[in-house]
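Here is a short tour of a protein model, written for someone who likes to know which side chains meet. Have the viewer open as you read.

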Amino acid sequence: MKFNKGDLIVVKTADEIILTCIVIDFFQGARYLYAYCLDSGNYRLIYEKEVQFVVEKEFDPLFPSDSHFWNVDYSFYEG
């Protein structure tokens with residue numbers, strides 16, 4: 001499947017949970033995308049194989065992204 005920023009998708013997780021998400025970013029050549037899940041209010045990585053279908057293309061292409069996504073806090077590794 002091809003995704004664009006702002007697409008509204010339905011996702012089925014490995015735990016059989018159904019989520020409705022907005023695509024925030026996708027990675028060319030990779031098998032995952034970054035999305036905001038409307039059900040939980042959280043941002044998460046979604047594997048392409050988890051996407052069941054696209055509800056609406058370009059549902060909200062201006063949806064704000066989580067600017068902290070790339071600023072991962074590794075402090076939990078400190079022991």
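The notes below cover the nonpolar cores and then the salt bridges.

This is a predicted model, so local features need pLDDT of at least 70, side-chain atom pairs count only at pLDDT 80 or more, and totals for chains, interfaces and linings use all residues. Residues are numbered from 1 along each chain as its sequence is written, and side-chain values use heavy atoms, with hydrogens and water left out.

Let's begin inside. A nonpolar core is a set of buried Ala, Val, Leu, Ile, Met, Phe, Trp, Tyr and Cys residues joined through side-chain atoms within 4.5 Å; buried means under 20% relative accessible area, exposed over 50%, and partly exposed in between (1.4 Å probe, protein chains only). The largest such core has 11 residues, including F3, V11, C21, A35, C37 and V51. The strands (DSSP runs of E, at least two residues, numbered from the N terminus) β1 (8-12), β2 (18-26) and β3 (32-37) each supply at least two of its residues. Another core, of 8 residues, lies apart from it, with L8, I24, F27 and F63 among them.

Now for charge. There are 2 salt bridges, each a side-chain nitrogen of Lys or Arg within 4 Å of a carboxyl oxygen of Asp or Glu.

| Pair | N to O distance |
|---|---|
| D7 and K57 | 3.1 Å |
| K12 and E16 | 3.1 Å |

D7 sits in the segment before β1 and K57 in the segment after β5 (51-56), so this pair ties together parts 50 residues apart in sequence. D7 is buried at 0%, while K57 is partly exposed at 41%. In the other pair, K12 is partly exposed at 31% and E16 is exposed at 55%.

Note on methods:
Helices (H or I, at least four residues) and strands (E, at least two) are DSSP runs, numbered from the N terminus.
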